[in-house]
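Work through the following exercises with the sequence and the model in view, and try each task before you read its solution.

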Amino acid sequence: MTTRLADLPLVASGKVREMYDLGDRLLMVASDRISTYDAVHPTPIPDKGKVLTGLSVFWFDRLGDIVPNHLLSYTDGVPDEARGRALAVRRLQMLPVECVVRGYITGSGWKEYQAAGEVCGIPLPAGLAESQQLPEPIFTPATKAQEGDHDENVSFDTAAEIIGDRALAERLRDVSIALYEAGAEHARSRGIILADTKFEFGLDADGTLTLGDEVLTPDSSRFWPADRYEVGRGQPSFDKQFVRDWASSTGWDRTPPAPAIPDEVVGQTSEKYRQAYELIAGEPFAAWQQRTAPA
């Protein structure tokens, strides 16, 4: 559940990751913690952190021509005990919004649409059904919540005010949609629908917009099996929606502390994460583990 590295100064600890000081770089370590509704459950999901890390490496490499990213290495400077779940990354000044792109109407976006016919101030066509593909992907930013608080969807204008630079907000929107479209095209070729996702960006020491955190993982995205897709209902998924659905069924009121997850749900969730890696990366999950094993 924790990834304490005794020899490195801890910079920050979030819902899933710890950040350590490597001098001019940072070490970003993904734990096996899982959160739903912005609360961390006390039960780890085996291999989850390694899946998030391996998939992020895959996407950082594949999408690097769209925008620079913070990845420096998944081996050099990474302690043996963190190999496979840790990345050496550039230091960034992170921007204070989450960049969400939706290609399908589901989740909180579906609830907003049912109530007002729009999402984050963007009017949508009348008569859409749950899980239906949108005419084109939409950028629906959100505030960043502290642990125990909830992210809040906001309009583009509000996001621009939070960032304090409208031109930068427009750049975030355009880059986020380009990343989503490239990711969705590859995922579809692998039998997966990328319903929506979130990105996080920062500015490097030169002020260059840089993709940070994780990218297109089961924690930050909704992945649906294309061969089981059916408009008008919720979809089976390769992401943590499986745990969200279980958590909702327990009667938990979504305030901390989050409930412990039963063994059956843990096992199925761990398997879904590994399946997501193998389908998207096109290789066995064991290949990532072998590449990152200590020498």
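A residue counts as buried when its relative accessible area is under 20%, as exposed when it is over 50%, and as partly exposed in between, with a 1.4 Å probe and protein chains only. The model is predicted, so local features need pLDDT of at least 70 and side-chain atom pairs count only at pLDDT 80 or more, while totals for chains, interfaces and linings use all residues. Residues are numbered from 1 along each chain as its sequence is written, and side-chain values use heavy atoms, with hydrogens and water left out.

**Exercise 1. The partners of strand β9**

Task: Determine which strands pair with β9 (residues 97-104), and state how many of the residues of β9 are buried.

Solution: Two strands pair if DSSP finds at least two bridges between them. Strand β13 (residues 142-143) runs antiparallel to β9 and is joined to it by two bridges, with V97 having T143 as its bridge partner. Strand β14 (residues 192-203) is also paired with β9 in the antiparallel sense, over four bridges, and here R102 stands opposite D196. Strand β12 (residues 133-139) pairs with β9 over three bridges, in the antiparallel sense, and the bridge partner of Y104 in that strand is Q133. As for burial, eight of the eight residues of β9 are buried, so the strand is largely enclosed by the rest of the structure.

**Exercise 2. How two helices cross**

Task: Describe how helix α6 (residues 263-281) and helix α7 (residues 285-292) are arranged, and name the residues that meet.

Solution: The axes, which are lines fitted to C-alpha atoms over the stretch in contact, with angles running from 0 to 180 degrees between N-to-C directions, come within 8 Å for α6 and α7 and cross at roughly 85 degrees. Angles under 35 degrees count as roughly parallel, over 145 as roughly antiparallel, 65 to 115 as roughly perpendicular and the rest as oblique; α6 and α7 are therefore roughly perpendicular to each other. Taking contact to mean heavy atoms within 4.5 Å, R274, Y277 and E278 in α6 meet F285, W288 and R291 in α7.

**Exercise 3. A leucine in a loop**

Task: Say which residues L22 contacts when its neighbours within four places in sequence are left aside.

Solution: L22 belongs to the loop between β2 (17-21) and β3 (25-30), and at 19% relative accessibility it counts as buried. Its contacts, with those neighbours left aside, are L8, L27, G77 and A88. L22 and A88 are 66 residues apart in sequence, yet 8.1 Å apart in space, C-alpha to C-alpha.
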